[in-house]
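Here are my notes for anyone opening this one for the first time. Have a look at the picture, then read on.

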Amino acid sequence: MSAGAMGETAKPMLQVVDLTLRYGALTAVDSVNLTVSAGSRHALIGPNGAGKSSLFAVLGGTIRATTGQILIDGEDVTAQNEVGRARRGLLRTFQHSSLFMGLSAVDNVRLAVERKEGSPLRPWPSRRRDRRVTERAEEFLETVGLTSRRDDIAESLSHGERRQLEVALVLACSPRLVLFDEPTAGMSAAETHRFAELVEALPSSVTTVIVEHDLDVVYRLAQRISVLAAGRLICEGTPDDVRADEAVNEAYLRAGRSEEPLFTDRPASLSVTRPDDEENEVPR
Amino acid sequence: MNLSSEPASDGGKPSTLLEIADLVSGYGGSLVVDHVTLDIGVGESVALLGRNGVGKTTLLETVMGWVRPTAGRVLVDGQNLAGAAPHALARAGVAIVPQGRRVFAPLTVEDNLRIAPGRSRTRRAEVRAGEHRTWTVDSVYDLMPRLAERRTNLGSQLSGGEQQMLSIGRALLCNPRLVLLDEPSDGLAPAVVEQVGQVLRTLVDSGLTLLLVEQDLRLAFDLADRVVVMSKGCIVHRATVPDFRADGHRARELLGIG
Amino acid sequence: MTSTSGGPSPTSASIERPTPAGGVGASSSRRSRARLGRLVGLAVFLVLAALPIFLAPYPISLAGRILAFALLVVSVDVLAGLTGLPSLGQIAYFGVGAYTGGLVAIHASDNAFVQLGAGVLVAALVAAVTGAVAVRASGIVFLMVTLAIGELTHKLADGLDAVGASNGLAGIPPITLYPGGEPLVLAGVTYWWVLLVFLIGFGVAATVSRSPLGRSMRGVREAEPRLAAIGQLSYATKLAAYVIAGAIAGAAGTAWTVQTRFISPGDLAFSVSAIALLSVVLGGAGTLWGPVIGAAVVVLIRDWVSGYVSGHGELLLGLLFIVAVYALPNGLAGVASGRLRRRRAAMAGAPVAGEGQP
């Protein structure tokens, strides 16, 4: 199997090998390769319709890939569904907050702790054991800064607070790998900042993959970035690598038909093909 | 609220048709449109640019009444319609050509056009006063002969470009003064974008006011007088098209990979 | 706090927000609410237990039938209110319990406990088998499947000669409480047994509600996909809820039979399922005690008040249902807790947090 071409020395926590997703004639994800080393933070970006959401859904286990493999810590999980992947330590957040809305914040996290460390099917209460589960849940709430909202119904939390609760929920499952799905969408600047701090403070045992539109957040958090355009991986590297990459800029600044330059001070801003790598040509 | 940095609309009446003041909106408590202020004069054509997820579509949907704002005003001809139902916006002369076209698939082209609302009572008076032309199904067919050829085809049988034209035609039949367009080039081949662009150019030339969200910069520059760039829910840059095109670095910073 | 290995510990990233006015108050208000609830529960139990002293045989038997029906309604609430699985089929397990109790009484044993045990066991078994299929569905499909189960059981009872077919089981002997004991013929004494069964059944439901399983059930109700995303299979939770609900309904069935000493297919009609679901909605789904009150209101209106409105009891019921849906989104239970909250907020002068968990 092909490891990342960037010469990873750290052990890969996530490996995506030639992943393809096809809907009939439409190829949403086209032979994507991805390697994320343990403990690192990796971002997945790309312009509209690049296939990020599809790739995310395949990684999370909600959609089955057409071909290709997904490995977590060396173990092939391609055939596993959401539940199976969650049990192997792959957790995802949801864009449209799918929390247990009618339950309090602590009860939300309790469900995750119970599932991980308790007996979620026990039909009678046990003071000692239930107390311990509650305490663990409270720890996670404190980690994300929601202690003061412990008993408040998830529905009554602000958007940013719900996102914090999501993180608490995910952390309570002791994940090895967390997939964040546009986590700062709909957040104010202050909430975004708080969220970024939260992610930065995650323990090194947690590997993070973030799909994001907000490039400030991406550049702040990501150690490596993969850029998708039209379903294909067009660039992978450090934030500086990606910023300088012509193909990436092409993909973002859709030039359309290229008779005359769009911008008068940059006559060379159109269709530059890298001589060595055909894969990086922006498909038209 | 009129910003002095806004270039005055050239020619015609200097009156403001659409005034968005400190608008705040989002879905389910989230913050997507963050205190946006924007004026569009009669006959102007403004392109709304920005990367994905910055709130462009939400802004249009809030103006049209599909999303309820939490704060701010949307004034159409001086009348505040923030939070009003979409049909109130339509009656005030605002029409939208939404992203993804959203034509009625089981209906024919003809039916799609015929169910668009007719001339309202108030607007008939305006029409008699000669303020702006009135659109009929036939005049829509004149503008877009391709639609006439396909008048008996179902919405689902049309190509992307034809659907886009149908969507535009449907909006025109509301006899709008202001048309909101959300990424008309989305998913269309370059040649088709060209055709749609020609139709839109004709409309712009006829004096229709446009607020256009676009990622295809060539189309945007073709149609607009000025551009407004959004980032994370706010407007971060305003310029005329010539000025914007002269500053590629700025554009790349705002729209590219940063 | 107990320290555990692994997992993140509080870090400098936990940015504390200032405690809002209702924050600390919320948990103490919950505790005092629980205390109040226990007091009210005790008072209600005492009143119910004392009824045979004050009431004539007919009202007593009505009260007994209300209790049995209320227990059936509790079983519906376990599914609909706690787990988010509205069901129109609990009558099937009620029927299984009732018929089993009757058959045991006729052919095997007078003993009330034996009849109860048999009824619960058989009902639970049938619930396990049918539930294994039913809970694979959700929403409208699940509702239709349970409706089918209810109707199927109704038809079976009507057709099977072994259980009396359309004539039902008659001549069921009265129960005894211990071997060689006196048969209980007095309406009041039988009523006490029914009250006991009701309390046991309600107790089981309340215990489950406060257990990890109960929390998992609420998780299924609130956001089933989310449960999957944290690695929990919802199927096991739903099946467990279904079997428990079936067992409770079976107990209710045996409680019915010991009073009426007659069970027929007519008692398994669809209208009973409908009324039961209505009671849950009226009383406040998920609270368990609310639907009990709802059940009482529904039966009283249909059977008692009906006499005063020249038999238009069911019309009144329909109107009540419409009012409940529009004006009482959380049922009668919601009204009670709403009023309590407002008074407390007025006293404390501070905003109180959102709906507490039942």
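The points below go from ground rules to chain B, then to confidence in chain A.

1. Ground rules first. This is a predicted model, where local features need pLDDT of at least 70, side-chain atom pairs count only at pLDDT 80 or more, and totals for chains, interfaces and linings use all residues. Residues are numbered from 1 along each chain as its sequence is written, chains are lettered from A and ligands numbered from 1 in the order in which they are written, and side-chain values use heavy atoms, leaving out hydrogens and water.

2. Chain B has 11 helices and 10 strands (DSSP runs numbered from the N terminus: helices are H or I with at least four residues, strands E with at least two). Of its 258 residues, 57% are buried, meaning under 20% relative accessible area with a 1.4 Å probe, protein chains only.

3. Contacts here are heavy atoms within 4.5 Å. In chain B, of those between residues at least 6 apart in sequence, 70% link residues at least 24 apart.

4. L181(B) is buried, at 1% relative accessible area. Leaving aside residues up to four places away in sequence, its contacts include L60(B), V97(B), I168(B) and L200(B).

5. Now confidence: pLDDT is the predictor's confidence in each residue, from 0 to 100. Chain A averages 85, with 87% of its residues at 70 or more. Over residues 1-8 of chain A, though, pLDDT is below 50, and it stays under 50 over residues 267-284 of chain A. Where pLDDT is low, the predicted coordinates should not be read in detail.

Terms used. Buried means under 20% relative accessible area, exposed over 50%, partly exposed in between (1.4 Å probe, protein chains only).
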